[in-house]
Amino acid sequence: MSSHPRLLLRDEPGRNVPLDPRTPLSIGRDPASGLCLSEAQGVSRHHALVRLSRTRVGQWLLCDLGSANGTYLEGARLRDCRPLSDGDEIRLGLKGPVLQFRTTGSASPQALPSAGRPAAPVVAQAAAGQLDFAGRSLRLDRIRSAYVRSRRRHPQAFSWWLLLCLGGLMLLPFPWLFWPLQLGALAAWILLGSRWEHLLEVTLQDGLAYRHRFDSLETALAHRNGIRKAMPVGPAPAVGRRP
């Protein structure tokens with residue numbers, strides 16, 4: 001099997017397209033597209049493009065080509081090119097086909113990764129159609145989607161730094177106090193502002209969602225991919241709004 005990443009059609013597991021680092025892959029209804037989806041609902045003639053980044057070694061990017069119905073990466077509509085991670089889902093239009101980006105071979109659906117403390121993993125192995133997620137037992141056939149969202153852990157860090165800097169101006173006549181305060185505020189802003197957290201969100205068919213926070217993006221993505229592999233293959237759900 002090729003060591004290159006590939007795109008798979010989620011609802012047609014046997015159909016996949018290897019990605020060539022030398023040639024961007026065009027996706028659309030145009031017969032000349034690298035991945036031609038001439039009969040797919042909601043797909044534009046020139047819909048999207050998958051290419052290798054010119055600035056980051058080994059990083060693949062997904063770009064929308066001005067499609068009428070949009071390109072969605074992990075449930076969020078693309079506004080520009082975005083990096084791809086193993087297991088990411090790409091939806092072409094709101095009700096169009098779903099592609100999966102894969103950089104590694106498919107693992108067994110039952111081999112879900114475990115994380116956290118060994119005695120209480122976030123995601124336990126699926127058995128008899130059930131999945132244990134963060135201490136809750138969920139039926140696999142009730143799971144609609146699994147997404148990872150990344151956000152800054154301290155989004156107010158810049159505001160705190162700015163307030164400290166402005167307040168510190170009162171100490172300007174006392175440089176032995178002013179400069180240590182400014183340097184300390186700057187160091188705190190850099191430290192807190194660089195921290196990210198990654199939320200694994202599992203949404204059920206009835207709209208109920210469960211979340212778990214990870215410090216490591218790689219761990220969160222591994223859990224997401226394990227859940228998706230364990231989910232039964234069925235009709236593609238519509239893209240829903242995630243809070």
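Helices (H or I, at least four residues) and strands (E, at least two) are DSSP runs, numbered from the N terminus. Welcome to a predicted model, where local features need pLDDT of at least 70, side-chain atom pairs count only at pLDDT 80 or more, and totals for chains, interfaces and linings use all residues. Residues are numbered from 1 along each chain as its sequence is written, and side-chain values use heavy atoms, with hydrogens and water left out.

**Stop one: the helix.** Select residues 157-168, which form helix α1, and find phenylalanine 158 there. With 42% relative accessibility, phenylalanine 158 is partly exposed, a class between buried (under 20% relative accessible area) and exposed (over 50%), using a 1.4 Å probe and protein chains only.

**Stop two: the sheet.** Now colour six strands in the order β2-β1-β11-β10-β7-β8: they make an open sheet with antiparallel pairing (two strands pair if DSSP finds at least two bridges between them). Look at β2 (12-18) and β8 (76-77) at the edges; each has a single partner strand, so one side of each lacks a neighbour in the sheet. Next, select residues 89-92 (β10) and 98-102 (β11), an antiparallel pair joined over three bridges. Isoleucine 90 has leucine 99, in β11, as its bridge partner.

**Stop three: the cavity.** Stay with β10, which gives the largest share of the lining of the largest cavity, three residues. Ten residues line this cavity in total; to find its centre, select Gly75, Glu89, Arg91, Val98 and Tyr147, which lie nearest to that point. A cavity here is a set of points on a 1 Å grid over the protein atoms alone where a 1.4 Å probe fits but cannot get out, and lining residues have an atom within 4 Å of a point.

How values were computed:
1 Å grid on protein atoms, 1.4 Å probe; cavity = no way out; pocket = protein on both sides within 12 Å on 5 of 7 lines; lining within 4 Å.
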